[in-house]
Every structure is written in C-alpha cells, then in structure tokens.
Amino acid sequence: MNALLDVRGLEVRYGGIVALRGIDFRVDEGEIVALLGANGAGKTTTLRAISGLLPIRAGDLTFAGTNFRKHGADAIARLGIAHVPEGRRVFTRMTVRENLELGGYAVAARRELDVRIDEVLSIFPRLHERIAQRAGTLSGGEQQMLAIGRALVAQPRLLVLDEPSLGLAPLIVAQIFEVLRDIHRRGTTIVLVEQNAHAALALADRGYVLRNGEIARNDTAANLARDPAVVAAYLGGE
Amino acid sequence: MIYAYAFVAIAACVAIERFHNRRAKIAIALALAAFLAIAPRFYGNEAVFSILADAAVYVMLALGLNIVVGFAGLLDLGYAAFFAIGAYTYGMLASPQFGLHLPFWVLLFLAAALAALFGALLGAPTLRLHGDYLAIVTLGFGEIVPQIFQNLTKYTGGPNGIAALDIPSFFGHSFGASVMPYYYIALLGIVAALWISRNLRESRLGRAWMAIREDELAAKHAGINVLRSKLAAFAIGASFSGIGGVLFAAKLALVSPDLFGFQVSVLIVSMLVLGGMGNIVGVVVGSLLLTIVNSALLPQINSLVDTTFHTTIDLSNIHFLIYGAILVGIMLFRPEGLLPNRERRDEFHHNGEAEAEA
C-alpha cells in the first residue's frame with residue numbers, strides 16, 4: 001500500500017534548539033495513527049511542521065505522491081490535509097455556521113459549501129441545534145466538535161488532530177472519539193496527538209512514541225498498549 | 001446650513017443601521033443620495049459645499065482605512081502617507097512643476113494604482129508583525145513619506161510644495177473656481193467606496209480578513225493565505241486614499257508636505273474609533289461628525305467668542321485636545337463606537353456572552 005503521508009528525516013529548530021530530529025513516519029490511506037509522548041517531546045511541533053505552520057530545517061514531506069515541503073499552510077490545506085489545532089481555536093465571535101463556512105474557504109461554489117456544511121451537521125446534531133449561536137457561547141465539547149466540523153468541511157483526505165480530548169470531561173471525550181471512529185469509517189485517514197494515551201491507542205491502528213524530538217518507538221497500537229515500558233511511561237501504570 | 005446637511009446625512013445613517021429590513025435600508029440610502037445630489041440647487045452656498053466636499057473626501061479615506069483596520073484588524077497609523085501619495089501624484093503630473101498636464105480623470109485611477117502599490121510595498125515587510133509592532137512601523141512610514149516629499153525639493157517643491165495645480169475639466173468644461181464638481185465627484189466616490197466595502201465584506205476575501213482579525217493561526221489552519229489577504233487589505237485600503245488625495249489636491253490646487261502629517265492619520269483613526277470600527281455606516285457617521293466639528297463648529301465658536309468677548313482664541317489650535325476629549329469620552333462610555341458592528345460590540349461586552357452561556 002502506498003503511503004498517504006510520508007515524512008522522512010524531518011528536522012525543526014526553534015532558534016538554536018533542535019525540536020525535532022530525524023523524524024520518519026508514514027501514514028497509509030485509511031489508517032488511524034497516534035503520536036504519543038510526554039510534554040515537550042515534539043508531538044505538536046510535528047503536526048505543525050506537517051501543516052506548514054513552522055519552517056522546516058531538513059527532511060522531506062510527501063502527501064499522496066506530492067512533495068509539499070515548500071508549500072505554504074494554505075497550499076497544504078488545499079492538498080487535503082486539515083488540521084484541528086490544540087485548544088480548538090474556533091472563531092469565538094462568529095456563529096457556528098460562519099465557522100463552518102471558513103472551514104470550506106477553498107470551496108468557491110456557494111451551493112457546494114452548503115451541501116458540505118449539511119453533511120457535517122448530520123455528524124454533529126448538537127452543532128445543528130446551535131447553528132446561529134456565537135461559537136464563544138458553546139461548551140468546550142461543542143467547541144471541539146465545531147473545530148473538527150470546520151476541518152471536515154474541507155473534505156480532507158487526512159485529518160490531523162492535536163489533543164482533541166484536552167480539558168474535556170470523560171463523557172465528552174468518549175463522544176468525541178466515537179465521532180472520530182465514525183469519520184474514519186466514512187473514509188478519512190486520521191493522525192492524532194494525545195495525552196490521553198488509553199483513548200488514543202484504543203482508537204488507533206498504529207502509534208509512534210516521541211521522546212526528546214526523536215521517534216523512540218513505532219509499533220501497532222495493540223502492541224504499544226501491552227508494552228510495559230510504554231504503559232509505565234505514558235499510560236500511568238495500570 | 002452645514003449642520004442641516006450633516007444632520008440629515010447622519011440621521012439617515014442611523015436609520016439605515018436601525019432598520020433590519022433590507023429594502024427599507026436601500027430606500028433610505030437612495031433617498032439620502034438623491035437629497036445630497038439635488039439639494040445644492042436650492043440650499044447652501046459655495047462655502048458650505050466646500051466643507052461638505054472635504055467631509056466627503058474624509059469619508060472616503062475613513063472607508064479605506066476601515067478596510068485595513070476594521071476588516072483585517074491591522075492597525076495602520078500612517079495612513080495619511082497614501083493620501084499624500086495620491087495628492088502628490090496629481091501635484092507632480094498635473095502642474096507646471098514638470099510641465100506635465102495629465103488629465104484629472106486619468107490621474108484619479110493612476111493615483112489609486114500607485115497608492116495601492118505603495119500600500120503593498122509597505123505591507124510586505126510588516127506582514128509578520130502584530131498589534132503594537134505593526135502600528136509603530138506604519139507610524140514610521142507615515143512620517144517618512146511626507147519627509148521624502150519635503151526633502152526632494154527638486155521634484156516636489158520641498159517645504160513649499162507645488163502650487164497652481166491644473167484645474168480639472170469635464171469634456172472640455174473647466175471646473176473653474178466652483179467647488180460643486182468636487183462635491184459631486186466626492187459623493188460618487190463615497191457611493192463607489194461604500195459599494196466596494198460592502199461587497200468586499202461579504203466576499204471570500206472579506207471572510208478571510210474576518211478570520212485573520214479573530215485568530216490568525218486559526219485562519220491559517222482553515223487554509224487561508226494570510227500574507228496575501230493582508231497585502232490585499234493594505235493595497236485596497238490605500239487605493240481609496242489615493243483617489244481622495246487627487247480630489248483633495250485638485251480642489252486646493254496645492255500640495256505641500258505639512259498637509260499630510262501624523263495628525264491626519266490620527267484624525268482618520270479617530271473617525272473609525274468614534275463611528276465604530278469595521279462597521280461601514282458607523283465609519284461614515286464618525287468621519288462626518290469629526291469633519292464637521294473640525295471645519296465648521298470650531299471656526300464658528302472662534303468667531304462667536306471673538307465677537308462676544310472681544311478676545312481672540314483659536315480653537316483649531318487645540319483641536320487635538322478636543323479629539324482627545326472625544327476619544328476618551330467614547331472609550332469610557334461607548335468603547336465599541338457610536339454604531340458598532342456585532343463582533344465589535346461583543347468584544348467590549350463579554351457579559352452578554354456569559355449570560356448566554358449560563
């Protein structure tokens with residue numbers, strides 16, 4: 001199977017500090033891949049580098065056969081990679097619908113945009129109820145759903161999520177992960193960064209463990225969840 | 001007389017803002033336009049319409065700056081620079097300075113293009129700056145441009161500027177000494193600026209600006225080309241100012257560097273703050289109010305004091321004090337401006353959101 005996303009030798013520096021070094025990872029079409037690691041290990045940096053939000057020092061990035069190392073963030077979004085940022089970052093003073101419309105910024109035709117928004121709303125009935133409400137008035141879980149919905153309006157081939165469970169109640173986290181499973185069933189490939197390693201490994205097919213800006217482990221999610229070292233470090237024992 | 005016109009225009013703007021019915025809004029706007037076009041035949045004199053023509057130029061400038069500051073959220077404190085570029089375009093290319101006498105109408109468009117070009121040139125190096133840092137760089141640009149015009153004596157006449165600019169003509173009919181042609185052109189300019197502003201706000205570019213203003217990183221995540229959108233805001237905003245500059249220079253038949261100093265930039269920003277940044281109708285009201293205060297009310301109070309107390313005070317010397325007082329008052333009592341748009345109102349009244357959440 002050909003890799004949908006192929007990252008080779010990725011290096012990112014902040015000033016003189018090496019944040020990522022020699023990161024190799026691949027995501028195949030239809031997979032769910034989790035990136036795990038402690039705070040500061042480089043998970044978010046990896047995602048931001050893929051989305052074109054950080055300058056890359058070295059390495060190559062290929063998406064569906066296209067080398068996009070030199071693409072800007074907007075061009076990468078048009079390639080079909082949608083990034084749900086850490087902390088959700090919905091446009092709080094805009095309505096739910098306006099937020100979703102911005103997700104389809106690259107979609108020129110109004111009718112097409114409306115169809116896509118309706119599809120997304122069918123996945124998130126809660127958002128449908130709140131369609132005319134200001135996003136700032138939504139609960140944290142609803143905002144996370146809106147952030148995911150906004151990314152989905154672009155109909156990405158690859159959905160990249162940064163800590164979708166951050167700061168949410170367990171019940172809401174379960175709902176969000178259920179939605180991600182549903183989105184995956186509909187044919188979207190997913191990469192997610194998670195502190196909540198239990199939930200992430202339960203969802204993912206494979207996982208990478210990052211440590212100090214390098215890939216420390218690379219295995220199937222099931223093996224990682226069983227590995228005593230991983231369990232001790234990232235799953236809080238058991 | 002001038003107050004009657006200003007009152008009618010402002011009242012109509014407030015009515016447009018208050019009505020929610022789209023057709024009612026359009027009807028009021030058309031009625032106002034018809035009134036402003038026909039009324040000069042019956043009421044008023046050259047002096048009144050001279051002030052109104054200046055007011056109209058300022059409305060255009062404010063609408064242009066509104067695109068940069070109000071729509072895209074880029075605080076530009078050097079906007080007068082583009083006004084100067086527009087005015088000097090006319091000054092240098094339609095005067096005895098170089099013996100060039102290009103037609104007024106051509107220069108209107110050329111100045112818009114040149115101002116847009118310089119808008120983009122200024123924008124390019126500042127794109128990565130935010131908030132205060134951006135404001136400081138634009139402030140510098142606003143100082144540099146008049147300085148350049150002042151010191152390129154060979155080309156711009158230096159501190160004295162360029163005088164005896166060509167009087168425009170329309171199909172062979174010279175404008176002569178009348179201010180009425182400028183009044184009508186400025187009115188048309190406002191109509192065009194309003195139309196462009198409105199369409200831009202509803203366009204994809206307008207949505208991109210809104211997203212960038214709200215959260216630049218999130219805008220990038222949504223696939224918006226932030227750099228290009230910001231450059232477009234600078235260029236389009238500046239082009240309004242370029243046209244305003246040509247009108248201003250032709251009406252005055254004079255350009256000199258001191259006409260485009262920092263105070264002009266501050267005046268235009270004050271108009272936006274007073275009226276309600278980002279809201280097109282609010283910006284029109286804010287710029288009308290300040291121009292009327294500046295060019296009609298203050299001189300009148302001067303002469304009133306003069307005749308009643310037999311002392312001369314010149315209030316125009318302290319007009320910055322008066323703007324300052326107005327701005328402080330606005331910040332205290334209505335920080336979102338007189339006629340704010342929805343987003344801006346929310347920005348200053350978070351309690352409304354909190355209640356909705358509870």
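Reader: What makes residues of α9(B) and α11(B) count as meeting?

Author: In this predicted model, Leu205(B), Ala208(B), Trp209(B) and Ile212(B) of α9(B) meet Val226(B), Ser229(B), Lys230(B), Ala232(B) and Ala233(B) of α11(B). Contact requires C-beta atoms within 7 Å. By class, this contact has seven nonpolar, one polar and one charged residues.

Reader: Why are α9(B) and α11(B) called roughly perpendicular?

Author: The angle between α9(B) and α11(B) is about 105 degrees, and their axes are 10 Å apart. Angles of 65 to 115 degrees count as roughly perpendicular, and α9(B) and α11(B) are therefore given that name.

Reader: Why are α3(B) and α8(B) called roughly parallel?

Author: Helix α3 (residues 46-71) of chain B packs with helix α8 (residues 180-202) of chain B at an angle of about 20 degrees, with axes 8 Å apart. The cut-off for roughly parallel is under 35 degrees, so α3(B) and α8(B) are roughly parallel to each other. Their crossing is left-handed.

Reader: Which residue classes make up the contact of α3(B) with α8(B)?

Author: The contact has 19 nonpolar, three polar and one charged residues. Phe49(B), Leu52(B) and Phe71(B) are among those from α3(B), and Tyr183(B), Gly189(B) and Arg201(B) are among those from α8(B). Gly counts as polar and Arg as charged.

Notes
Residues numbered from 1 in each chain as written. Chains lettered and ligands numbered in written order. Predicted model: local features only at pLDDT ≥ 70, side-chain atom pairs only at ≥ 80, totals over all residues. Axes fitted to C-alpha atoms, helices over the stretch in contact; angles between N-to-C directions. Helix = DSSP H or I, 4+ residues; strand = E, 2+ residues; numbered from the N terminus. Parallel < 35°, antiparallel > 145°, perpendicular 65-115°, else oblique. Left-handed = near helix turned anticlockwise from the far one by under 90°. Contact = placed C-beta atoms within 7 Å.
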